[in-house]
Every structure is written in C-alpha cells, then in structure tokens.
Amino acid sequence: MTDVTIALDGRSYDVAIGRGLLEEAGARIAALKPKGVLHVATDATVADLHLQALLASCEAAGLRAVPHILPPGEASKSWSFYEDLSERILAAGVERGSMIVALGGGVIGDLAGFVAATMLRGIDFVQIPTTLLAQVDSSVGGKVAIDTKAGKNLVGAFWQPRLVLADLGVLDSLPLRELRAGWAEIAKYGLIDDPAFFAWCEANGKAALAGDDALRAQAVAHSVRAKARVVAADERESSGVRALLNLGHTFGHALESALGFDGQLLHGEAVAIGCCMAFDLSVRLGLAPLEDAQRVRAHFANVGLPTEPPAGVGDADALLALMQTDKKVADGRIVFVLTRGIGRAFVARDVSPDDVRAMLGDTLKK
Ligand SMILES: O=C(O)C(=O)C[C@@H](O)[C@H](O)[C@H](O)COP(=O)(O)O
C-alpha cells in the first residue's frame, strides 16, 4: 500500500494506492466522521461491478449509504445531471456534515465533486476512482466541473476531496481501451518534466497495460506523486505551474467538444492526440526536435492510443474557435502548453493563430 499526501495546509488529504481498498472504504470513510446519510454517486456500469462491495463495507462500518446511479458516459457531466444528482441528494436528506462518495471514473468524480462543492455551499466528498485515468489524474487535485454547450469543464470549482482511495483491484475489470486512455495521462507526466519517466513508460507501457501488477502500481504511484507536487505548488492554477498539467488538453478538449462529447474519443485518447499536436506545433515553431515528436507518436501508437484526430472534428478554424473557450485564454489569446522536447514543457502566451491553423490544417489533411 502506498500513501501520497496532497499537502494543502488545512485541506491536506491522502491518496491511498493499493489492492483491497474498496473493502476498507467504509472504515476509512467512517474515520472522517460523516454525518447522516452517506451519498454514493456512481454510474450503472460501475454499480454492477463495485457498488455492492462498497455498500457492504459501509454497512460493516456502521454507515448508512444511499446510492445514486447515473448513466455511464461523458453526457452525464452536464447541467441536467448536475441538477438530477443534486435533487436526489436533497431528497434523500443532507446536512452540512454529510458526505458524497464518488465511485467511478472522471465523469462521476467531476460531477459528484461539483455537486459536493455547491451542495449547501460545500460539503465533504471522497473519491474512489475506478478508471486508470481517474486514479492517476482526475481524482487528485480538486478540479471538479461539468461540460457545457460551449466546451469541456467550463463550469466548475476547485474543491478538494477529503480522501482518495485508488484500489488497483478495480483495474482488473477495466476494458483495455479505458486502460490505454489512462496511460495517456501517465505518459503526460513524463512529457512535462520527467524524461526518465517517459523512457520508463516506453519500456514498460505495454506490459503494464497487459496486466503486470507491479508495473501498474509503479505507474499509478509515480503519477500521483507528480500530481501531488504540482497541486501543492499551485492549487488554483494561478502561478503557471499547474497549467503544465494541461499539456495536450487545449487541443484534446477542442476535439472532444467538436465531436459533441459523443464517446467517439475517450478523454485520454483526445489527450494523446492533443499531446501529438502540441509537439507538432512546437516542432513547427522551431522549439522542439522532430525526433521527440516522432518518439511521442511512436509510444502512443505502441500502447494502442490514437495519434491523429478522427473524421468529423471539423476544420482548423472550427477547432480554433473551440479553443477560444479554454480556461487558459488570457486577453483573448489562447495560451498553449508547448515544449522544447520530451520533459521540457512550458506555457506559451504568444503563439500566432496562423501557426496553429497551419499545423491543424496539415494534421487534418493526413
Ligand atoms: O489537474 C489539472 O490541473 C489538470 O489540468 C489535469 C488534466 O489532465 C485534467 O483533465 C483537468 O481536469 C483538465 O483541466 P481543465 O482546467 O483544462 O478543465
């Protein structure tokens, strides 16, 4: 078992990583002394696999848990399901000391976290991430949000969980496509500032995805430690440090929005394509060596991730328009996370839209 602390003074919390955590969840949550009913938000797919184990462990710890089961998929991260989940929780009974448990992937974590941030002006929540992507990224750091017509994650809050339980056992039943999507966010930590970790990903990615437990545990723990350092340094993405975690996301979010969050691209797949685009743009601007961009593509392709956008994402101008809604936009200009090579990401505020248009045009022609 590994414990990583997210050090945020009075709001610090632990991310526990290991097997068997779902069975221990009740006791660990009870130690946080939630009041009244414990609200468990999950989706139908995760409920079939893991809800009973969680409910049994809550019951054994003397907690009365009420499940709220939502449809699986990005479409649940919406205004309508924000309302739906909020109303269900209010109807089942909630007080300031109540707690929400998010049992699921990034969609459930983001939605339930945003409901927690706004319910009675803020109640506690616990993340039990059931996808690789949620374990290594979205369950840690307190970014909670819903999507809107204008784009991804545009309405939300910074609201830290009280505890994160990353049970590696739940990955056993995760489809390979979901595991691969999580790998994109793992490799991203290497691409940002840790070239040795990227080389480790190149050497071990396939075996970790194929089921090597020790490698998976290493990948999750390394990623969570990397994220913990960044979140502790810049919780609200105000100094620029945390913005680096957005490598690949300005492009990736635009692709997801362009497809109407229809599930054609999982978030991690969009991030993999987005990282390739960030490297392409950096090469075009003479910032990064072409060999590094090729290495990134080769690694993603090797682990089974897409590296080019699918048909139907529109043209370069349509994607640029979607990027204008990115939360890093400053003074009307899109701020990009670019790179000087593997492990050398930086925030670029002066990128010309013409260069982005040209890079996107080339990519979309492929
Ligand atoms: O935690 C962060 O900060 C990140 O940027 C991590 C991203 O991988 C994550 O997908 C995040 O939710 C995207 O944030 P957003 O601010 O671009 O919505």
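Two residues are in contact here if their C-beta atoms, placed from the backbone, lie within 7 Å. The structure shown in every view is a predicted model.

View A. Contacts link 29 residues of domain 1 with 29 residues of domain 2. On the side of domain 1 that touches domain 2, at least two residues come from each of β1 (2–6), β2 (13–18), α5 (132–138) and β8 (151–158). The most is given by α5, with 5 residues. Sorted by class, this side of domain 1 holds 17 nonpolar, 8 polar and 4 charged residues.

**View B. The shell around the ligand.** The residues that surround the ligand are D137, S138, G141, K143, N153, E185, E237, R242, L245, N246, H249 and K327. By class, the shell comprises 6 charged, 5 polar and 1 nonpolar. Domain 1 (2–173) and domain 2 (176–365) each contribute at least three residues to the shell around the ligand.

**View C. N153, a residue of the ligand shell.** N153 is among the residues surrounding the ligand and sits in strand β8. Phi of N153 is positive, near 55 degrees, in a residue other than glycine. N153 has 21 other C-beta atoms within 10 Å, and the threshold for a buried residue is 20 or more, so N153 is buried.

**View D. The largest nonpolar core.** This core has 117 residues, and those with the most contacts inside it are I100, V101, L103, A112 and A278. Helix α10 supplies the largest share of the core, 11 residues. Because both domain 1 (2–173) and domain 2 (176–365) give residues to this core, it lies between them. Leaving out residues up to four places away in sequence, L103 touches V40, A41, T42, V46, H50, L51, L54, I108, I128 and T130.

View E. Helix α10 covers residues 267–284, and its 18 residues should span 26 Å at 1.5 Å a residue; the end C-alpha atoms are 25 Å apart, which agrees. Of the 18 residues of α10, 17 are buried, so the helix is largely enclosed by the rest of the structure.

**View F. S12 in the loop between β1 and β2.** S12 is found in the loop that joins these two strands. S12 counts as exposed because it has 12 C-beta neighbours inside 10 Å, the cut-off being 12 or fewer. Not counting residues up to four places away in sequence, S12 touches T5, I6 and A7. S12 and P161 are 149 residues apart along the chain, and their C-alpha atoms are separated by 9.0 Å.

**View G. L120 in the loop between α4 and β6.** The loop that holds L120 runs between α4 (106–118) and β6 (124–129). L120 is not a glycine, although its phi is positive, at about 50 degrees. With 13 C-beta neighbours inside 10 Å, L120 counts as partly exposed.

Terms used: Residues are numbered from 1 along each chain as its sequence is written. This is a predicted model: local features need pLDDT of at least 70, side-chain atom pairs count only at pLDDT 80 or more; totals for chains, interfaces and linings use all residues. Helices (H or I, at least four residues) and strands (E, at least two) are DSSP runs, numbered from the N terminus. The expected span of a helix is 1.5 Å times one less than its number of residues. A residue is near a molecule or strand if its C-beta atom, placed from the backbone, lies within 6 Å of it. Ala, Val, Leu, Ile, Met, Phe, Trp, Tyr, Cys and Pro count as nonpolar, Asp, Glu, Lys and Arg as charged, and the others, Gly among them, as polar. Domain bounds come from an automatic or database domain assignment. A nonpolar core is a set of buried Ala, Val, Leu, Ile, Met, Phe, Trp, Tyr and Cys residues joined through C-beta atoms within 7 Å.
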